[in-house]
Amino acid sequence: MEFLQQLVNGLTIGSIYALVAIGFSIVYGALGLVNFAHGDILMAGTFVAFALYTSLDLPIAVACIGGIIAGLLLGAIVEEVAVRPVLKSHLLIPMMTTLGMGLIIRNIVELKYGSGTLPFPSFAGSGFFDVFGLQIARAAVVTLVVAVITLVLFAAFLKFTKTGFAIRTVAQDMTAARLMGIPVNRTIMMVYAAGGALGVIGGLLYANTLEVVYLGMGFPILLKGFAAAIVGGIGNLQGALIGGLILGVLESTVGPSAGSYRDAIAFFLLIAILLVRPAGLLGARVQERV
Amino acid sequence: MTITIEEPIFKATNVGCRFGGVIALDSVDFEVGQHEIVGLIGPNGSGKTTLLNVLSGIYKPTGGEIEIDGKPSRFKSSRRLSRDEGLARTFQNIRLCPSLTVRDNVMIGMHNTFHWYDALWTAKGGRENAADAQVAEILEFVGIADKRDEIATDLAYGDQRRVEIARALATTPRLLLLDEPAAGMNPREARVLVDLIKRIHEERKISIVVIEHNMNVVMTTASRVMVLDAGLCIAHGDPKSVSADPQVLEAYLGKRFRDV
Amino acid sequence: MLSFIPNSVQRLVLLALVVLAFILPNLVQPYTIRVAATILVFTVFATGLNLILGFTGLLSFGHAALFGTGAYISARLMLDTGLPLVLVMLIATVGAGVFGLLIGLTSWRVGGDYLALITLGVGQIFYLFLNNSNDLTGGATGLPGIPAGNFFGWDLSSIQNVYLFVLIVAIVVTLLARVIGRSYFGRSLLAIREDEVIARAHGINVPLTKVISFGVGSAIAGLAGVLQVLLLGFVGPATFNVDQSILVVEIVLIGGMATTAGPLLGSALVIGSTEYLRALQDYRSMIFGALIVLVLLWKPGGLVQILGIGEKSTAAYKSPFSLFKRSVPPVPTESEARS
């Protein structure tokens, strides 16, 4: 029973990691670039939702949508300012410029809210559901439901919409996509925007679960989302989902016995996976980038 | 069609290479003798570059055997082939280190002539200086001595090709693989290139394999031509007989033209 | 900007600057000397990272862990044993180098982007380790009261002497990095950064070279850690967290990747402005973030390229990254082709 309880907790936190990981993976899959601003974008988006709720007294749902839109915009801005102009240079350059953008975003949030921990209004409400003797927090249920809906919608977006098709085409072969008349630049911007929005949804769920929001929240989530993406096979969306869930479950089942090294689990899992399967669990499907 | 080479330095038998379901190279026999120029032609997608990539160790073949100097050998990595077997190559779409100078690009070819302690002494008397002189000599040889200190990718297309050839020569190879060296060159540049290939062959005693679509280049340099189509060798022989071979005409022009 | 100045004049100016650096302790307040020494410590630290990030193009976001390894090893040795400083430095440098080799070994099987995550993780775990293993590292309080060093009878208890010692080490390391960077080894690192297929096809052992560059870069960072201990007389975990790793990445990027003078210039700007422009404290990471973006978009050679100083003999070091070309034609790498 104890184990089942932890399993549920793990799946909850894991679905958050999965969202972040997918936001991360979509950018990597399309361009072969790591977006180092991802953690800061998701943190800033969460803060925007927080600000809309506390300062403007908007309903929490509206505030969250505002936060997600902020994530979209921030992703697009990062792409427009820092990635687009150097898209043709050495791979290292666009990665480092996103790092710089992340520093800027974080500093702006810090100027407004400082580096302390602020209480985040839980939109799920408190209380527990009692399912067959398992105590499941309302927040966990909301997290799981939102995460699943988001992932399904995002998969459908990639599969059925014109933009989703364009994203998949660009991921396969950017030059060919351009020759086929696909607006590559706009598509890449969409990729960063979608990544930012997914990240913010993850960030909101994280803040909702812990009921706090703080400046440094981006980094640990980024680290784990990054790890989840790699464990599953970076660039692979199903892989990111599986990686996130595995990571979450491991953290909540093995985590308590690891004491203060709890945060290191993600990392050891990562090393283990990379040594056995350098391409990640579903890595065989990763598109060869050219 | 069967031609036997006396003492081939490099002999591949039945090599094949496939990517997933795509058969890029079906089964090809290929050999290079001491001091000769082999032309490798064929329509686009016939497997020429794949064959070159397999021979130079960049792709791992899915089948076949290889003999180097008559001794059976396993397929080696491109690093070992370059270091131990004296094999050098150029690339179809020019690959130069974009931010390095011409000199440094060519110096990369000399990597194996350095010892670890040369990293700690680059002043006069070191290996670096001797290598510098060699670079100057090679650049002179390929005719771009004046471009020594320019960023390699700032050069004109034809000169970039020469930098690639110079870098390959810097490894002091005995077998040089050229992948479409005349691509994108005008007829005058191509003639200069033909001249360069002949000089490399004669003055440096290097065997050369050249893939080319420009028939002038192939026919004036190669002593032996092999034609690939759809991953198979369809003709093999001296340039004249190959260019008259009905199968070759068919591969290039289609069946209709065969009897014209 | 300054490239119109003839080489000979530049050399004279450089010589004058070195002389000035040596007589600095007689001219200024101890606070300034301390800042100058800090800048030099970070110059050494950044020189190590420059080898990994600037030359080989490997992402390392956990370099503070290597810096910390050197610092903690030397602190422990100086507290517990009476080993001469030379040996302490040697052990700490080698220790950090071995640790770096181990981290670099993971690059043997996986690509460079994964290394970013692995190093981030190593940095994080190292920080946890510093905070949690109280016996060895003193936990959150760190190890205070480290005795002053003594280099072959040269007493390093006064800040002036520490500064001079750090200066000498920084000069030696910078010269060493310059020689290595311009040797065949530096060239093969650049070749790996630019195009691994080329490097391999010309006989360069790519995985081994990457690991060695990681090891050497880490050893230099470890040496910087020793200098830090000599300067502060104290080590605590706060100096070795991820922010410090990012800081040194900033220094390398702003100063100029794959250049000799880059680490010094970057460190002077980043550390100097942190110390002297306290008013800008709140805007620090915004300014440096914007500087990184600006530098990389405009002059990827950093301050060295913007100022146009030195580095003339080889144009490669003038523009360390070509803005025009990404050299990844569609040939799968060896391991991909083989899998």
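**Entry 1: a residue in chain B**

Is E180(B) buried or exposed, going by its C-beta neighbours inside 10 Å? I counted 22 of these neighbours, so E180(B) is buried. The cut-offs I use are these: a residue is buried if 20 or more other C-beta atoms lie within 10 Å of its own, exposed if 12 or fewer, and partly exposed in between, with C-beta atoms placed from the backbone.

A note on what I am looking at: this is a predicted model, in which local features need pLDDT of at least 70 and side-chain atom pairs count only at pLDDT 80 or more, while totals for chains, interfaces and linings use all residues. Residues are numbered from 1 along each chain as its sequence is written, and chains are lettered from A and ligands numbered from 1 in the order in which they are written.

Back to E180(B): I found its phi near 50°, a positive value in a residue other than glycine. I then placed E180(B) in the loop between strand 7 (175-179) and helix 6 (187-204) of chain B. Helices (H or I, at least four residues) and strands (E, at least two) are DSSP runs, numbered from the N terminus.

K205(B) sits in the loop between helix 6 and strand 8 (207-211) of chain B. With 10 other C-beta atoms within 10 Å, K205(B) is exposed.

**Entry 2: chain B as a whole**

I noted nine helices and ten strands in chain B. The C-alpha trace of chain B spans about 65 × 40 × 35 Å along its principal axes. Of the 260 residues, 46% count as buried.

**Entry 3: two helices of chain A**

How do helix 1 and helix 9 of chain A lie relative to each other? Helix 1 (residues 2-31) and helix 9 (residues 218-232) pack at an angle of about 70°, with their axes 8 Å apart. They are therefore roughly perpendicular, a label for angles of 65 to 115 degrees; under 35 counts as roughly parallel, over 145 as roughly antiparallel and the rest as oblique. Among the residues making the contact I listed Y17(A) and F24(A) of helix 1, and I221(A) and K224(A) of helix 9. Contact here asks for C-beta atoms, placed from the backbone, within 7 Å.

I also checked helix 8 (residues 184-210) of chain A: its 27 residues reach 39 Å from first C-alpha to last, close to the 39 Å expected at 1.5 Å a residue. The expected span is 1.5 Å times one less than the number of residues. Helix 8 is mostly covered, with 22 of its 27 residues buried. Just after helix 8, E211(A) takes a positive phi of about 60°.

**Entry 4: between the chains**

Which of the two pairs of chains in contact shares the most contacts? I found that to be chains B and C. No contact joins chain A and chain B, whose closest C-alpha atoms lie 9 Å apart. In the pair of chains C and A, 38 residues of chain C are in contact with 39 residues of chain A. Helix 5 of chain C gives the most to the side of chain C that touches chain A, with eleven residues.

Note on methods:
Axes are lines fitted to C-alpha atoms, for helices over the stretch in contact, and angles run from 0 to 180 degrees between N-to-C directions.
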